[in-house]
Amino acid sequence: MSTLIIGAGLVGSQVARILVEQGERPVLMDRAPQSRALGEIVDLEKVAIVEGDVLEASALACIIREHGIRDVAHLAANPMLTIGAQRDPVAAIRLNIMGTVNVLEAARTFALKRIVVASSNVLNHHIAGGEGAGDAMDEEAYPRPVSIYASCKQAIESFGLNYAGWFGVDFAAVRYGAVAGPWSGTGGGGPSNVFSNLIRNALRGEEAIVPAATIEWVYSKDAAAGTVLALRAKSLPSRVFNVTMGRLTSPEELMSAVKAAVPGAKLRVDKPADATPALQTMSRASSAKRAQAILGYVPRYQMPDAVRDLVDWLEKVKP
């Protein structure tokens with residue numbers, strides 16, 4: 001029996017690497033697999049790569065049957081995440097919501113063991129309202145998402161929890177922070193690409209722009225580790241988990257980490273990003289208590305470690 005990873009990109013490639021290191025042969029499914037970039041992260045001879053669209057339920061079913069799939073990590077994402085969803089809301093809604101529903105329905109139909117879905121800590125930050133203070137009889141009982149992307153993530157968590165409650169699908173959602181890490185292919189969200197460009201430009205000796213916002217990040221290797229822990233946990237008394245660094249990183253702290261890893265880097269803090277939802281300053285860090293207690297998740301990479309690891313990878317691979 002195999003694990004299916006839907007979305008073979010920044011995090012999916014790292015999930016595959018971990019599973020291979022654990023002796024498994026995972027199946028990577030993507031609409032347009034980027035084999036060269038994947039090969040820089042994981043041994044391609046130890047994985048199966050299939051082309052497929054999570055929006056095509058019949059194709060998904062065929063892959064599950066053909067490869068004897070037991071578990072699914074559904075990590076497919078709309079292009080540019082928050083920013084992309086604001087630009088093309090219909091496409092983002094279809095991929096995030098209907099793609100997830102297709103996975104949940106496949107899990108119900110084929111009695112799969114566990115489904116782990118990528119959510120986002122935008123649900124901890126991009127919210128407003130809640131003046132009803134939790135009184136379910138009040139129209140404003142709870143805060144609501146303020147972006148299309150966050151609304152999609154709230155919906156997929158709700159559908160997953162309902163499939164768990166009504167149909168017995170063993171579902172978990174992992175709320176990633178802004179993800180950064182090794183990846184030479186296309187894709188990723190706004191913060192991911194900003195981070196990548198920052199490090200690459202610093203290494204080239206060019207002016208490197210540090211985002212002005214204080215952000216809650218997660219390194220891709222930690223995001224993948226949290227995902228695998230959710231896949232393999234013996235039981236899930238809770239089903240939604242924050243997977244982040246567990247702290248906020250200010251522009252000054254990010255700049256310091258880059259300077260330590262790339263001495264002489266030409267750095268400049270960008271203008272305030274108030275108009276860009278994905279790069280808005282965050283005021284509090286998400287709690288990691290639940291992920292630590294139930295999954296055993298503890299982030300290995302704080303910002304200095306993450307920057308150093310990415311610099312080492314870029315210098316080695318030179319993508």
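Glu 139 counts as exposed because its relative accessibility is 65%, where exposed denotes over 50% relative accessible area, buried under 20% and partly exposed the range in between, computed with a 1.4 Å probe on protein chains only. The model is a predicted one, in which local features need pLDDT of at least 70 and side-chain atom pairs count only at pLDDT 80 or more, whereas totals for chains, interfaces and linings use all residues. Residues are numbered from 1 along each chain as its sequence is written, and side-chain values rest on heavy atoms, with hydrogens and water left out.

Glu 139 is placed in the loop between β6 (127–129) and β7 (143–145), helices (H or I, at least four residues) and strands (E, at least two) being DSSP runs numbered from the N terminus. Together with Glu 131, Asp 135 and Asp 138, Glu 139 forms a negative surface patch. Patches consist of residues with over 30% relative accessible area and no salt bridge, like charges being joined within 9 Å and nonpolar side chains (Val, Leu, Ile, Met, Phe, Trp, Tyr) within 5 Å.

Side chains of opposite charge can pair when their charged atoms come close. The structure holds 16 salt bridges, each defined as a side-chain nitrogen of Lys or Arg within 4 Å of a carboxyl oxygen of Asp or Glu. One of them joins the side chains of Asp 71 and Arg 232, with an N to O distance of 3.0 Å. Since Asp 71 belongs to strand β4 (residues 69–74) and Arg 232 to helix α9, this pair ties together parts that are 161 residues apart in sequence. Asp 71 is buried, at 0% relative accessibility, while Arg 232 is partly exposed, with a relative accessible area of 29%. Both residues also take part in a network of salt bridges that links them with Glu 24 and Arg 70.

Helix α9, which spans residues 220–232, has 13 residues and reaches 18 Å from its first C-alpha to its last, close to the 18 Å expected at 1.5 Å a residue; the expected span is 1.5 Å times one less than the number of residues. The buried residues of α9 include Ser 220, Asp 222, Thr 227, Val 228 and Leu 231. In the loop between α9 and β12 (240–243) lies Lys 234, which is exposed at a relative accessible area of 86%. The C-alpha atom of Lys 234 is separated by 9.4 Å from that of Ile 294, a residue 60 positions away along the chain.

A further salt bridge connects Arg 114 and Asp 170, at 2.9 Å from N to O. Arg 114 lies in strand β5 (residues 114–120) and Asp 170 in the loop between α7 (148–167) and β8 (171–176), so that the pair ties together parts 56 residues apart in sequence. Both Arg 114 and Asp 170 are buried. In the salt bridge between Glu 105 and Arg 108, the closest N and O atoms are 2.6 Å apart; these two residues, 3 residues apart in helix α5 (residues 89–110), are separated by about one helical turn. Glu 105 is partly exposed at 26% relative accessibility, and Arg 108 is partly exposed with a relative accessible area of 40%.

Backbone angles were also examined. Met 80, in the loop between β4 and α4 (81–87), has a phi near 65°, a positive value in a residue other than glycine. Leu 81, which lies in helix α4, likewise has a positive phi, near 50°.

Key. Accessible areas come from the Shrake-Rupley method with a 1.4 Å probe; for residues, only the protein chains shown count as cover. Lys and Arg count as positive and Asp and Glu as negative; His and the chain ends are not counted. The place of a charge is taken as NZ of Lys, CZ of Arg, CG of Asp or CD of Glu.
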